[in-house]
Amino acid sequence: MSYDYLFKYIIIGDTGVGKSCLLLQFTDQRFQPVYDLTIGVEFGARLVSIDDRPIKLQIWDTAGQESFRSITRSYYRGAAGALLVYDITRRETFNHLMSWLADAREHGNPDMVVMVVGNKCDLAQRRAVSKEDGEKFAKDNGLLFLETSARTSQNAEEAFIMTAAQILHNIKEGIFDVFDESSGIKIGQGRGQGITGARDGTRGQRGAVPLARTWNV
Ligand SMILES: Nc1nc2c(ncn2[C@@H]2O[C@H](COP(=O)(O)OP(=O)(O)O)[C@@H](O)[C@H]2O)c(=O)[nH]1
Ligand SMILES: [Mg+2]
């Protein structure tokens with residue numbers, strides 16, 4: 001599977017907000033109503049296409065350990081992107097975002113792109129956090145924002161894709177040092193065409209990418 005870049009992501013937020021379901025929706029395009037934590041995947045990966053570039057997203061899910069708040073540095077280390085998830089029907093999960101963000105800022109890459117995700121937007125009748133509140137939190141902290149539903153798949157892929165598009169933009173702007181492993185970015189075989197600073201200056205060979213899908217972001 002050839003790719004220009006690999007971006008590592010983490011998914012954080014309170015237990016039960018739908019982190020594992022969002023990941024499953026992104027990697028497998030399906031919803032599993034009762035997600036068994038014990039068999040929950042620890043990471044998922046999928047190839048996407050952004051600006052005609054094949055990009056591999058490798059996503060790490062906390063798989064239950066969030067309930068202990070014993071998130072280790074190693075989990076945050078080397079993540080280029082983070083999905084910071086709350087449940088729009090449970091106000092407390094939104095109130096906890098600031099402490100999750102503080103954890104990510106303390107242990108993660110300072111340039112990490114963070115997307116705030118208000119999940120379960122299919123449960124509008126039980127809404128406890130307005131969209132405006134979510135947007136304001138994101139804006140105040142310089143983060144991306146989307147409301148999603150892992151159940152109906154609404155915006156689920158977009159949350160991952162928009163984060164990747166921002167990371168790619170930041171690479172082009174020189175904000176990320178793609179040669180620093182702790183950036184959460186790995187250069188693939190079709191690496192770095194058109195990106196200034198590519199180590200050897202050669203044009204990479206882009207292979208066939210049958211799994212790549214095109215997104216209009
Ligand atoms: N209605 C609805 N339920 C969801 C959604 N996402 C997850 N759930 C449910 O919320 C519960 C917790 O989901 P899970 O992904 O295990 O949460 P995690 O602890 O953050 O990984 C499960 O019962 C899911 O079926 C969603 O978008 N809409
Ligand atoms: Mg989970």
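Student: How many salt bridges does a search of the whole structure find?

Tutor: A salt bridge is a side-chain nitrogen of Lys or Arg within 4 Å of a carboxyl oxygen of Asp or Glu. Searching the whole structure by this criterion gives ten salt bridges. This is a predicted model, in which local features need pLDDT of at least 70 and side-chain atom pairs count only at pLDDT 80 or more, whereas totals for chains, interfaces and linings use all residues. Residues are numbered from 1 along each chain as its sequence is written, chains are lettered from A and ligands numbered from 1 in the order in which they are written, and side-chain values use heavy atoms, with hydrogens and water left out.

Student: Which residue meets Glu-157 in a salt bridge?

Tutor: Helices (H or I, at least four residues) and strands (E, at least two) are DSSP runs, numbered from the N terminus. Glu-157 pairs with Arg-46 at 3.2 Å, N to O. Because Glu-157 belongs to helix α6 and Arg-46 to strand β2, the pair ties together parts 111 residues apart in sequence.

Student: Are Glu-157 and Arg-46 buried or exposed?

Tutor: Buried means under 20% relative accessible area, exposed over 50%, and partly exposed in between (1.4 Å probe, protein chains only). Glu-157, at 15%, is buried, and Arg-46 is buried at 8%.

Student: Which residue forms a salt bridge with Lys-172?

Tutor: The partner is Asp-51, with the closest N and O atoms 3.1 Å apart. This pair also links distant parts of the chain, since Lys-172 is in helix α6 and Asp-51 in the loop between β2 and β3, 121 residues apart. Lys-172 is partly exposed at 44%, and Asp-51 is exposed at 52%.

Student: What span should α6 have?

Tutor: The expected span of a helix is 1.5 Å times one less than its number of residues. The 17 residues of α6 should therefore span 24 Å, and the 25 Å between its end C-alpha atoms agrees.

Student: Which residues of the largest nonpolar core touch the most other members?

Tutor: In soluble globular proteins, nonpolar side chains tend to be buried together. A nonpolar core is a set of buried Ala, Val, Leu, Ile, Met, Phe, Trp, Tyr and Cys residues joined through side-chain atoms within 4.5 Å. Here the largest has 34 residues, and Phe-7, Tyr-9, Leu-57, Leu-83, Ile-167 and Ile-185 touch the most other members. Its largest share, eight residues, comes from α6. A second, separate core of 23 residues includes Ile-12, Tyr-86, Phe-137 and Ala-138.
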